[in-house]
Amino acid sequence: DNFPWYYNDRISTGKDPSLFMYFTHNIYREPDIKSNWFHLFQGFLNKLRYKRLLRIKANLHMRQDKIRKNKYHVDYSFKHKGCLFYINENNGYTSFKEDNIQVRPKENRAVFFDPSIKHCSAACSDKKRRININFNYEN
């Protein structure tokens with residue numbers, strides 16, 4: 001109940017008014033730690049065996065009246081590694097455009113992928129919120 005979330009008025013870039021707001025918390029953005037909560041992720045980072053950490057960002061999407069897919073995007077334009085760690089189970093999803101795959105969030109599920117390939121999130125309609133942690137790194 002004391003983890004700080006910060007409002008964003010759109011999920012991906014662009015001026016489309018249909019894009020829904022969400023909340024984020026930047027934990028790390030190269031080259032600096034951005035959050036006092038960084039220490040919580042040390043154990044997870046040790047398992048990633050990264051050489052270069054680019055970003056750790058927590059995402060919180062509020063429940064919508066129906067599942068709403070956001071626009072496809074890339075995290076960084078160069079090839080690198082990514083891990084989405086889902087905090088809670090819900091009926092939202094992550095979609096990977098190239099492979100036409102959708103991954104449903106389940107508590108403690110981790111999905112590994114190349115975030116330079118187009119992907120997007122979809123807000124849930126069955127839970128109060130959808131929360132995940134996004135790790136970008138090179139190894």
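## Close-up views of a predicted model

**View 1. Asn59 and the residues around it.** Leaving out residues up to four places away in sequence, Asn59 touches Trp5, Tyr22, Phe23, Thr24, Arg130, Ile131, Asn132 and Asn134, where contact means heavy atoms within 4.5 Å. The model is predicted, so that local features need pLDDT of at least 70 and side-chain atom pairs count only at pLDDT 80 or more, while totals for chains, interfaces and linings use all residues. Residues are numbered from 1 along each chain as its sequence is written, and side-chain values use heavy atoms, with hydrogens and water left out. Asn59 belongs to strand β4; strands (E, at least two residues) and helices (H or I, at least four) are DSSP runs numbered from the N terminus. With a relative accessible area of 7%, Asn59 is buried, a word that stands for under 20%, with exposed for over 50% and partly exposed for values in between (1.4 Å probe, protein chains only). The side chain of Asn59 also makes a polar contact of 3.3 Å with that of Lys57 (N or O atoms within 3.5 Å; within protein, one able to donate a hydrogen and the other to accept it, with sequence-adjacent residues counted only if both atoms are side-chain atoms).

**View 2. Ile131 and its surroundings.** Ile131, one of the residues that Asn59 touches, is found in strand β11. Its relative accessible area is 14%, and Ile131 is therefore buried. When neighbours within four places in sequence are left aside, Ile131 is in contact with Trp5, Asn59, Leu60, Phe85, Tyr86, Ile87 and Asn88. Asn88 lies 43 residues from Ile131 along the chain, yet the C-alpha atoms of these two residues are separated by 6.2 Å.

View 3. Strand β6 covers residues 81–86 and is mostly covered, with five of its six residues buried.

View 4. Asp114 is found in the loop between β9 and β10 (119–123), and at 14% relative accessibility Asp114 counts as buried. Two polar contacts of its side chain can be followed here, one of 3.3 Å to the side chain of Lys79 and one of 2.7 Å to the side chain of Ser116. Not counting residues up to four places away in sequence, Asp114 touches Lys79 and His80.

**View 5. An open sheet of four strands.** The strands of this open sheet follow the order β5-β10-β7-β8, and their pairing is antiparallel. At the edges stand β5 (68–69) and β8 (101–103), each of which has a single partner strand, so one side of each is left without a neighbour in the sheet. Strand β7 (residues 93–96) runs antiparallel to β10, to which four bridges join it, and Ser95 stands opposite Cys120 in β10.

**View 6. Aromatic rings.** Rings of Phe, Tyr and Trp (its six-membered ring) pair if their centres lie within 6.5 Å, with planes under 30 degrees apart counted as stacked, over 60 as edge-to-face and the rest as tilted. By this rule the count comes to nine aromatic pairs. In one of them, Tyr7 and Phe23 are edge-to-face, at 5.9 Å centre to centre and with 70 degrees between the planes. This pair links distant parts of the chain, as Tyr7 lies in strand β1 (residues 6–8) and Phe23 in strand β2 (residues 22–29), 16 residues apart. Tyr7 is exposed, with a relative accessible area of 54%, whereas Phe23 is partly exposed at 21%. Elsewhere in this view, Phe41, Phe44, Phe85 and Phe135 form one aromatic cluster.

How values were computed:
Pairing = 2+ DSSP bridges.
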